Amino acid sequence: MTEQSIIKQIGKPAEIDLQKPKAIGSTGFYLKLFKAKNTGTESLKLESKCNFEKRTGGILLRANYSNKLTAIPIPNEKIIGITLKRGKENIDPFFMSPMWILLKLGVSKLYARYFRFRLHEYSIDQMELNIETTDYEMEFIANGYLFERQLSFFENLNYGNKLITEIKAST
């Protein structure tokens, strides 16, 4: 698909506002499910590495599988729903560890988690992303540590009640 046909369907790439910078692209996701609702539409291989790009009239899904690049434009009006699910967090710092001290001082767990000594002190399961459009149904996974940045990206798309966020309880 050429850049000209992408621009015709979903517009130009979103411009960066240097006064209030916002994400215009997502992190890398791995495709776990792809169902085309119509025959004759583009198909993607499972386990493709995918990311999203904000455009003026929708989002552009870019997929890479064995260096075969595919682009799927998704216009705003065709999006039925987006669900972003955060993985379950396990927080178990040991007494007097740097992470334990930071948490006791009121530092956010999002920062304190980087000061753990042992892997068991903090872990988070992978996040899941589900997108349903009039043409496709897609499921993706990505590293759970990236959830907050991805939530910010999808909230900045201004889809309102089409965006659903699910956060699994921490232990």
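Which residues have the most contacts inside the largest nonpolar core? I note that this is a predicted model. The core has 29 residues, and I found the most contacts inside it for Phe52, Leu61, Leu129, Met138, Phe140 and Phe154. I then listed the elements that give two or more residues to this core: the strands are β1 (29-36), β2 (49-55), β3 (58-65), β4 (68-75), β5 (79-86), β8 (127-133) and β9 (136-142), and the helix is α4 (147-155).

I looked up a second, separate core as well; it has 5 residues, among them Met99, Ala112, Tyr122 and Tyr145.

Next I took Phe140 and left out its neighbours within four places in sequence. Its contacts include Phe29, Tyr30, Leu31 and Lys32.

Then Ser26, which I located in the loop between α1 (3-10) and β1. Is Ser26 buried or exposed? Ser26 counts as buried because its relative accessibility is 13%, below the 20% cut-off. I traced its side chain to the backbone nitrogen of Phe52, at 2.8 Å. Beyond four places in sequence, Ser26 is in contact with Asn51, Phe52, Gln150 and Phe153.

Last, the surface. I found a nonpolar patch formed by Phe95, Met96, Ile101, Leu105, Val107 and Tyr111, with about 660 Å² of accessible area together. Met96 sits in the loop between β6 (89-91) and α2 (98-104).

Conventions:
Residues numbered from 1 in each chain as written. Predicted model: local features only at pLDDT ≥ 70, side-chain atom pairs only at ≥ 80, totals over all residues. Heavy atoms only, no water. Core = buried A, V, L, I, M, F, W, Y, C linked by side-chain atoms within 4.5 Å. Buried < 20%, exposed > 50% of the residue type's maximum accessible area, 1.4 Å probe, protein only. Helix = DSSP H or I, 4+ residues; strand = E, 2+ residues; numbered from the N terminus. Contact = heavy atoms within 4.5 Å. Patch = residues over 30% accessible without salt bridge, like charges linked within 9 Å, V, L, I, M, F, W, Y side chains within 5 Å. Areas by Shrake-Rupley, 256 points an atom, 1.4 Å probe, with all protein chains shown as cover. Salt bridge = Lys/Arg side-chain N within 4 Å of Asp/Glu carboxyl O. Polar contact = N/O pair within 3.5 Å; in protein donor to acceptor, adjacent residues only side chain to side chain.
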